Amino acid sequence: MGLIERLLSRRRFLGAGLAVSGGAGALLLARSEAAAQAGHGHDAPAAPAAPHPHSGGNRTKGAVDAARNGFDPHSMLTDWDTGKVSELPDGRRLREFEIVAIDREIEIAPGIFFPAWTYNGRVPGPALRATEGDVVRIRFFNGGAHPHTLHFHGIHSARMDGIPGAGEAFPGEEFIYEFTAQPFGCHLYHCHSFPLRRHLHKGLYGAFVIDPDPERHPEHREAARSRLLGTPENAAWQELVMVMNGFDTNFDEENEVYAVNSIAFAYHDKPIHIARERPVRIYLVNLTEFDPINSFHLHANFFDYFDHGTTLTPTLKTVDTVMQCQAQRGILEFTFKDHEPGSYMFHAHQTEFAELGWMSRFEVA
Amino acid sequence: MTAAWTRALLPLAVIVAIAAIFVTTRPLDFLSAGVPPAEELTVERATLDGEGLHLTVRSGAWEPLSIAQVQVDGAYWEFTLTPDAPLGRLATARLDIPYPWTAGEPHVVTVVTSTGTTFEHTIAVAAATPSRSPADFAVFAVVGLMVGVVPVATGMLFFPLLRQVSRRGLDFVLALTIGLLAFLLIDTLEEGMEAAARAPAGLQAGLAVWLAAGGTFLALMWIGRRGGRRPEGRALAFYIALGIGLHNLGEGLVIGASFAIGETALASFLIVGFMLHNVTEGVGISAPLVGERPGWPLFAGLAAVAGLPAVAGTWAGVFAFAPHWAVLCFGIGAGAILQVIVEVGAFIGRRAAAAGDGWITGSGLAGFGAGLAVMYGTALLI
């Protein structure tokens, strides 16, 4: 008799012992014992009728109306805003962006509406992308009901910091930010008006990626070219931008919904398609409020990680989980080249966040 | 006659007209512009079985309330909502959640509405809810009989002893009955208030306890004293049995409901406790019969009136519990108990006057105190 069989028969024996009793009083006793045993008795809820595949029942019901929201989490993965490009008299490249702060209600999980503050009507705001050394000019108009700013994580002057007194736009006003894109890496921007936490968790944030200029990094020219949008080397990659965020829908300073790019379970209900032979690069940004850290865990695979994206060699090699504190970000590189096709999960390894919406899948083919 | 009738119409017409103007023009809407509606949702009943969790919820909101998602233990879970539509004020719906619950452990269900408002319901100890099989009906009939009929009938066995006690001894027993009833009155009102706290606020359940108690008290006083009679002897015994029966109906509801939600971990101890607690009720019912020669059918009838409602209550509590029905039961029970307190008190007063005593005597006070003490002491068992 094997170990499993012996353990199972022992449990059956204990169960039988409980049923040995007699008389009228035993009726009640048997009833309460039956209730106590329900976990593994005939009432066992172990297998409720056919849960949804891959979710085990842990999912939201219905679907978010992307058309009404005005943004689709799937197209958000790749719709970089590279701005309007022109050349300055001194020969440098100028990128001009336009961002408007708008108050609007967004659907963050099927049927759950959040009164958000947005950049350009979406949460996260547009994923801005420039190249190292570009002059970046952003015309910011505040169409909301509160003062707002754009505070970039990057190198810039005090005047361009996007804080109260330096680049804060009051409702109906505009401010133009201008700075040189540096250092290269995976960065972010957010509103820095006060109260800070409210302005962040209401939705005023987005990714800001600065690609390296290969000419400035001769020792890692190949790596730099693969990062630079528009090169053939870069086109070989499947690049995705993911902003980890959460929503406190009842304003109790705890998130009711967690997600990547705002919509709970969006990439779980409808997985992200990955071509097996092409490598994957993820620009991962943590903008979760209330919880000090968030994390990213990839199933059945390992990745190289570039913290802040400010290096061309990995800061962590061959890991399958990475954690980020609030506003931390980095680049993940991996491939499914040698994997069999199928569904591969990725999610926060804080199971709480995962089960509240930060649960996703790659469909590798 | 016609003129008097039309005079009542004018003020009614005025108030209806003002209400109509207010509702159609909504002059105060600017006060709540942009503010999401206040939502309220109460879980009235939760059952657990092999299919998962099943909740009956009732909306207390004025605006339609949309249930968007459901979390169990902090995880979004698939569910079906019946009917699958926004809930109007005081409307109910059923949530079926195929969740693999763990026997003996707590679970928290969180309902998330379209506005992101959350409503939590805790299942203190998960256990399979009794089914509606004949076997389960029989089990809970036994529970009801043990809690209601058995102790009352046992208490009645003191009757031969009561017949042998002196006049002052009987004063003591009658006062003990009042002590017992006073305890039950307070207990019933407290239970009623507890149940009211679990009912949707829109139902004004707390107020309903007092209204049902007051209405029942006045109705029973009127019935008991029709034709200038004062209930004594068999009639008084019947009213005491009725009051106690209504109390036991509520007690059965609470016991049944705690079975249904798995809170009765030590069910057998609880039932023994209630049994001992309720023995005194049999003594109280028999006391007014001391001057008579009652046969056993009378005792059987009184035991049934006082005890059988516990069976009905237990069934209702297990299989169809809703807090607002418990509120009504406790209110009616409290009113009925108050009536017998008044009538037994009046009976004691008449006996004292006939004997030339004051309304309060040493043996009476001792009996009243003993009644409270016995009930309090046995309440520690439950």
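This report describes sheets, cores, domains and backbone details in the structure shown above.

## Basis of the description

The structure is a predicted model, in which local features need pLDDT of at least 70 and side-chain atom pairs count only at pLDDT 80 or more, while totals for chains, interfaces and linings use all residues. Residues are numbered from 1 along each chain as its sequence is written, and chains are lettered from A and ligands numbered from 1 in the order in which they are written.

## Strands and sheets of chain A

Helices (H or I, at least four residues) and strands (E, at least two) are DSSP runs, numbered from the N terminus, and two strands pair if DSSP finds at least two bridges between them. In chain A, five strands make an open sheet with mixed pairing, and their order is 1-5-10-9-7. Strand 1 (80-81) and strand 7 (151-152) of chain A each have a single partner strand and stand at the edges, so one side of each is left without a neighbour in the sheet. Within chain A, strand 9 (residues 185-190) is paired with strand 10 (residues 205-211) in the antiparallel sense, over six bridges, and A:G185 has A:I210 in strand 10 as its bridge partner.

Strand 21 (residues 359-364) of chain A pairs with strand 20 (residues 342-347) of chain A in the antiparallel sense over six bridges, and here A:F362 is the bridge partner of A:Y344. Strand 13 (residues 272-274) of chain A runs parallel to strand 21 of chain A and is joined to it by three bridges, with A:I274 opposite A:V364. A residue is called buried if 20 or more other C-beta atoms lie within 10 Å of its own, exposed if 12 or fewer, and partly exposed in between, with C-beta atoms placed from the backbone. Strand 21 of chain A is mostly covered, since five of its six residues are buried.

## Nonpolar cores

A nonpolar core is a set of buried Ala, Val, Leu, Ile, Met, Phe, Trp, Tyr and Cys residues joined through C-beta atoms within 7 Å. The largest core has 110 residues, and A:Y283 and A:W358 are those with the most contacts inside it. A second, separate core has 80 residues, including B:M156, B:F183, B:L184 and B:A316. In soluble globular proteins, nonpolar side chains tend to be buried together.

Two residues are in contact if their C-beta atoms, placed from the backbone, lie within 7 Å. Leaving aside residues up to four places away in sequence, A:W358 touches A:M244, A:Y258, A:A259, A:V260, A:H347, A:A348 and A:F353.

Chain B holds 12 helices and eight strands, and its C-alpha trace spans about 75 × 65 × 35 Å along its principal axes. Of the 382 residues in chain B, 46% are buried. Helix 3 (residues 149-156) of chain B has seven of its eight residues buried, so this helix is largely enclosed by the rest of the structure; among the buried ones are B:V149, B:P151 and B:M156.

By an automatic or database domain assignment, chain B is divided into domain 1 (41-123) and domain 2 (134-379). The C-alpha centres of these two domains of chain B lie 37 Å apart, and 10 residues of domain 1 are in contact with nine residues of domain 2. On the side of domain 1 of chain B that touches domain 2, the largest share, five residues, comes from strand 1 (residues 41-49) of chain B.

## Backbone details

Most residues other than glycine have a negative phi, and most peptide bonds are trans. A cis peptide bond joins A:F194 and A:P195, with omega about 0°, and A:P195 is found in the loop between strand 9 and helix 5 (196-201) of chain A. Another cis bond runs from B:T82 to B:P83, with omega near -10°, and B:P83 belongs to the loop between strand 5 and strand 6 (92-97) of chain B.

The loop between strand 5 and strand 6 of chain B also holds B:L90, a residue that is not a glycine and yet has a positive phi of about 65°; B:L90 is partly exposed, with 13 other C-beta atoms within 10 Å. In chain A, the non-glycine residue A:H308 has a positive phi near 65°, and A:H308 lies in the loop between strand 16 (303-307) and strand 17 (316-319) of chain A.
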